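Subject: Handover of a structure and its description

Dear colleague,

Please find below the structure that I am handing over to you.

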Amino acid sequence: MIQKTYTLLTLIAVVLCLNSRPISAAKPSKDVLPASTKFSLSIGKGQDFNDRLATTQLGQMAADPALKPFLDDLPRQMRNQASDHPLAALRIDLGVDSADLNNLSEGEVAWALVHPEGMTPSRVLMADVTSRQEQVDELLEKVSASMSELKATKAESTVDGTSVTVFDIPASANLSARKLAFFQQADQLVFAETDAAIRVLLKNLSNDDSTDTLSNQVGYQEVVKQCQQRAGDESPDAIVFLVPIDLSDAMRQLSPKQDERADESVLVARKHNFDAISAVGGFLTVGRGAFDFHIRIAIHAPQPWKNGMRSFRFPNTKMVPPTWVRGDNSGFTLINIDFTQFAKYFGPLFDDTYGEGEEGLYDDLKNTMLEDPDGPQIDVDKEIFARLSPQTTLLARDTLPVTPDSPQRLIAFSTSDEAALKAVVKKVLESDPNSEAQNVAGQEVFFSYMEEEDDFGSAPAAEDVNPVSYTH
């Protein structure tokens, strides 16, 4: 649902470079951010994190002088892509670089997106600035300079007894008109974009008995509990939390560009109950033990589920890596899928996703495969899905040197009846005019080809058509 995640990942990488120390007098972000938080990323021990990050392959790559031109150009890229990645806008508006943020805090730093129901979403940056007033003053001078460059107008107000500075920022080429407000209270420096966000953050900072907090959100509690159980005594360097569909909706509202596909995606997701995934959370550690990066992820999706959401059940059974998997893959994933459940409930989701809501399209396709005299004449549910075992293997490898054909991807399905399933798949591929059989290492392999028209509307030459998938 969320497209072009590059800038979001960049934002996370920037945040993960913040320096901080474990001793903190300020309130934890989980007790200040409201229950309407749809995304948060917090770090509590950034100095230790930075030291370990430098020992990882990613840290060593970032220190390579050859990468410096790219890193120097990164702020420009983020600004140019801000309209497509609205979470980056706050980082851009601040007009500060990683060095400023590195020196800002001795405690926790958290980025978040808050979206109370019926209100405008707000990006938030919180930093524990205990004993760092000189650095705060320096940062605020840079923020003021950035606001001047953006031709923002400045105003001072008082909210619940706290002085709040508000900048009204006019629309630009990549971003719509918006606000940037900040205040400092109880050793916290807080930036936000809406009056509603400012008020709830101030309320939670001042009131230890507030229940409208992220820490009281059931989804947050569940994913943190699950991650902590698996981490044991190990403390995370960063905690990531998000509510997937709500986050997509908030980002869509923040973007100045109207994207009908994004609007439709959110509507379809809600219709098919994917908002039952009420929380996704992760504990990240860096440079510890055998791993450069180790993230533990938990998902909270309480049942009962409805509509298309029922298609995706993942049996919690033991998975065994296949012996034929090589060790030089860049990606290796094992996943258990209940294919019987998938076949039972997938149709309406397919209709809404690929058929623009045309009811019965998926059933028509299945009936065509069964009844068309020129087709394979198979019952997809009984002859394919019913013969698939849960464990599914996904492999990724990117060959060198880099060419258009470098990416290599493989999906392997397990089966309870290899001979029968092989015969059915062969029957399907033999009836496909875009597939052809070849002998590879003594095995009959079918190559499926995808032909795309060129810019002038004609089909490419045969020698320019490349196989995109195969099976046997």
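The notes that follow begin with the chain as a whole and then take up its sheets and helices.

Please bear in mind throughout that this is a predicted model. The chain contains 15 helices and 16 strands. It has 472 residues, of which 44% count as buried. Among the contacts in the chain with a separation of 6 or more, 63% are accounted for by residues 24 or more positions apart.

The ten-stranded sheet

An open sheet is formed by ten strands, with antiparallel pairing, and its order is β4-β5-β6-β7-β3-β2-β1-β8-β9-β10. The edges are taken by β4 (153–159) and β10 (291–300); each has a single partner strand, so one side of each has no neighbour in the sheet. On average, and with direction ignored, neighbouring strands of this sheet are turned by 15° against each other.

Helix α9 (residues 218–231) packs on this sheet, where it touches β8 (238–242), β9 (279–288) and β10. The direction of α9 makes about 140° with that of β10.

With β1 (residues 37–43) the pairing is antiparallel over six bridges, and Leu41 has Trp111 of β2 as its bridge partner. With β3 the pairing is likewise antiparallel, over six bridges, and here the bridge partner of Ala112 is Val124 in β3. Strand β3 (residues 122–128) is in turn joined by four bridges to β7 (residues 188–192), and these two strands run antiparallel. Within that pairing, Asp128 has Gln188 of β7 as its bridge partner.

Helix α8 comprises the twelve residues 195–206. Why does the distance between its end C-alpha atoms agree with what should be spanned? At 1.5 Å a residue, the twelve residues should span 16 Å, and the end C-alpha atoms are 17 Å apart, which agrees.

The buried residues of α8 are Ala197, Ile198, Val200, Leu201, Leu202, Asn204 and Leu205. The strands against which these buried residues pack are β3, β4, β5 (162–169), β6 (178–185) and β7.

The three-stranded sheet

A further open sheet has three strands in the order β11-β12-β13, and its pairing is antiparallel. Here β11 (331–336) and β13 (407–415) stand at the edges; each has a single partner strand, so one side of each is left without a neighbour in the sheet. The twist from one strand to the next averages 15°.

Strand β12 (residues 388–398) pairs with β13 in the antiparallel sense over eight bridges. In this pairing Ala396 stands opposite Arg409 of β13, and Leu388 has Thr415 of β13 as its bridge partner. The pairing of β11 with β12 is antiparallel over six bridges, with Phe332 opposite Leu395 of β12.

The pair of helices α12 and α13

Helix α12 (residues 339–354) packs with helix α13 (residues 361–371) at an angle of about 110°, and their axes are 7 Å apart. As angles from 65 to 115 degrees count as roughly perpendicular, α12 and α13 are therefore roughly perpendicular to each other.

Which residues make the contact? From α12 they are Phe346, Gly347, Phe350 and Asp351, and from α13 they are Leu361, Tyr362 and Leu365. By type, the residues of this contact divide into five nonpolar, one polar and one charged.

With kind regards

Methods
Residues are numbered from 1 along each chain as its sequence is written. This is a predicted model: local features need pLDDT of at least 70, side-chain atom pairs count only at pLDDT 80 or more; totals for chains, interfaces and linings use all residues. Side-chain values use heavy atoms; hydrogens and water are left out. Two strands pair if DSSP finds at least two bridges between them. Axes are lines fitted to C-alpha atoms, for helices over the stretch in contact, and angles run from 0 to 180 degrees between N-to-C directions. Contact means heavy atoms within 4.5 Å. The expected span of a helix is 1.5 Å times one less than its number of residues. Buried means under 20% relative accessible area, exposed over 50%, partly exposed in between (1.4 Å probe, protein chains only). Angles under 35 degrees count as roughly parallel, over 145 as roughly antiparallel, 65 to 115 as roughly perpendicular and the rest as oblique. Ala, Val, Leu, Ile, Met, Phe, Trp, Tyr, Cys and Pro count as nonpolar, Asp, Glu, Lys and Arg as charged, and the others, Gly among them, as polar.
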